[in-house]
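Subject: Structure for your review

Hello,

I am passing on the structure we discussed.

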Amino acid sequence: MAESYEYSIGSVRAKEKELLSSADIEAMLACSDTKSLVNYLRDKGYAEGETVDELIKNNRNETADYISHIVPDVSVFDIFSIVNDAHNIKAVIKGLLADVDYENLIITPNTIKPEDIETAVKEKRYSLLPESFSAAAEKAYEVLAHTADARLADAYIDISCMKAQLKKAEETKIDFLIEYFRTDIFYRNVKTALRGSKTLADKEYFETALIDGLEGFDKKEIIKAALNSVDALCDYLALKDRYKSALAVEAYKSSPAAFERFCDNLLNSLAVEKCKRAGSGAEAALGFYIARLSEEKAIHIIAVGIETDSPAEITRERLRELYG
């Protein structure tokens, strides 16, 4: 662990040269099969592994290890692992209820040990989990066990995840992280509202699944619009134009995929603006970490395109902007 961020900034600037470039994206798009993709990434030095999933997992763990050695306070980066904790809680609950193996579904890095999640759920000792997740995990288990409503069960975990991330962002007092996660969580809630409106979800679901107290997100008005129609919700978002939501609505009207790409590109542009040339603080290391997460999405999209035999130009349209 470094004593100051001055060291991490110099290290990150050198390390950024290893990030995937536009040329790398074109080379990956030209791969004829996933084996060729894996070989390209291995030769590039991205990570070791025999499959795309192994490569991504190993790179993720290597990045977490690298960050832990170059920053003075690695706990700042826990905010990114909270979403993995949420995923793991869902995986354990569903696995135990269905009596199926879930170990291969566990994601790292995480802030809650998977074995602690398993003990908490198996023994119904939810207090073993952090306060941010204990009540939500218990509620999700009961909902899934008695109603088999996986969407509602997930909603309890997801809302706790978002609240925990917002709280963590505020605790860091890093302006970039606060803005980044407010934007991210705003759009995660918008996505939930749009999907819920499209599938005619009821008010109870929206009350559970949407967050309270997020700056720029009027839960009451969002629910009112979502219960009316998707068009009404889009009109409301365009009118209020929070976090560039007017542009997001234009993208959504083009296609849900275009909307997803817009959201990711917005977050990436924020990271580039605030972190790419930062000369002090944690921002440089945060930007690098976010860049690696963005690369995971790019590799996954390309791999799916190869597996489904999609034309390269179609896959290219689905790709997000790169940090590098």
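The crossing of helices α13 and α14 is right-handed. This is in a predicted model. Helix α13 covers residues 245-254 and helix α14 covers residues 256-275; their axes come within 5 Å and cross at roughly 150°. That angle is over 145°, the cut-off for roughly antiparallel, so α13 counts as roughly antiparallel to α14.

The contact itself is made on the α13 side by Leu 247, Ala 248, Ala 251, Tyr 252 and Ser 254, which meet Pro 256, Ala 258, Phe 259 and Phe 262 of α14. Sorted by class, eight of the residues in this contact are nonpolar, one is polar and none is charged.

Next, the cavities. There are three cavities of 30 Å³ or more. The largest cavity holds about 40 Å³ of space. Its lining consists of Tyr 187, Val 190, Leu 194, Cys 234, Leu 237, Ser 245, Ala 248, Val 249, Tyr 252 and Phe 259. Two or more lining residues each come from α9 (175-198), α12 (230-240) and α13. Of the elements around the largest cavity, α13 gives the most to the lining, with four residues. By class, the lining of the largest cavity has nine nonpolar residues, one polar residue and no charged residues.

Some residues turn up in both places. Ala 248, Tyr 252 and Phe 259 belong to the contact between α13 and α14, and these three residues also line the largest cavity.

Then the second largest pocket. How much space lies in the second largest pocket? The volume is about 340 Å³. The second largest pocket is lined by 15 residues, of which Ile 82, Ser 132, Ala 164, Lys 167 and Lys 168 are the closest to its centre. The elements that supply two or more residues to this lining are α5 (78-98), α7 (131-147) and α8 (150-172). Helix α8 provides the largest share, six residues.

What is the make-up of the lining of the second largest pocket by class? Five residues are nonpolar, three are polar and seven are charged. In the lining of the largest cavity, by contrast, no residue is charged.

For the second largest pocket, begin with α8, which contributes six residues to the lining.

Regards

Conventions:
Residues are numbered from 1 along each chain as its sequence is written. This is a predicted model: local features need pLDDT of at least 70, side-chain atom pairs count only at pLDDT 80 or more; totals for chains, interfaces and linings use all residues. Side-chain values use heavy atoms; hydrogens and water are left out. Axes are lines fitted to C-alpha atoms, for helices over the stretch in contact, and angles run from 0 to 180 degrees between N-to-C directions. Angles under 35 degrees count as roughly parallel, over 145 as roughly antiparallel, 65 to 115 as roughly perpendicular and the rest as oblique. A crossing is left-handed if the near helix is turned anticlockwise from the far one by less than a right angle, and right-handed if clockwise. Contact means heavy atoms within 4.5 Å. Ala, Val, Leu, Ile, Met, Phe, Trp, Tyr, Cys and Pro count as nonpolar, Asp, Glu, Lys and Arg as charged, and the others, Gly among them, as polar. On a 1 Å grid over the protein atoms alone, a cavity is a set of points where a 1.4 Å probe fits but cannot get out, and a pocket is an open set with protein on both sides within 12 Å along at least five of seven lines; lining residues have an atom within 4 Å of a point. Grid points are joined across faces, edges and corners, and a volume is the space filled by probe spheres set on the points.
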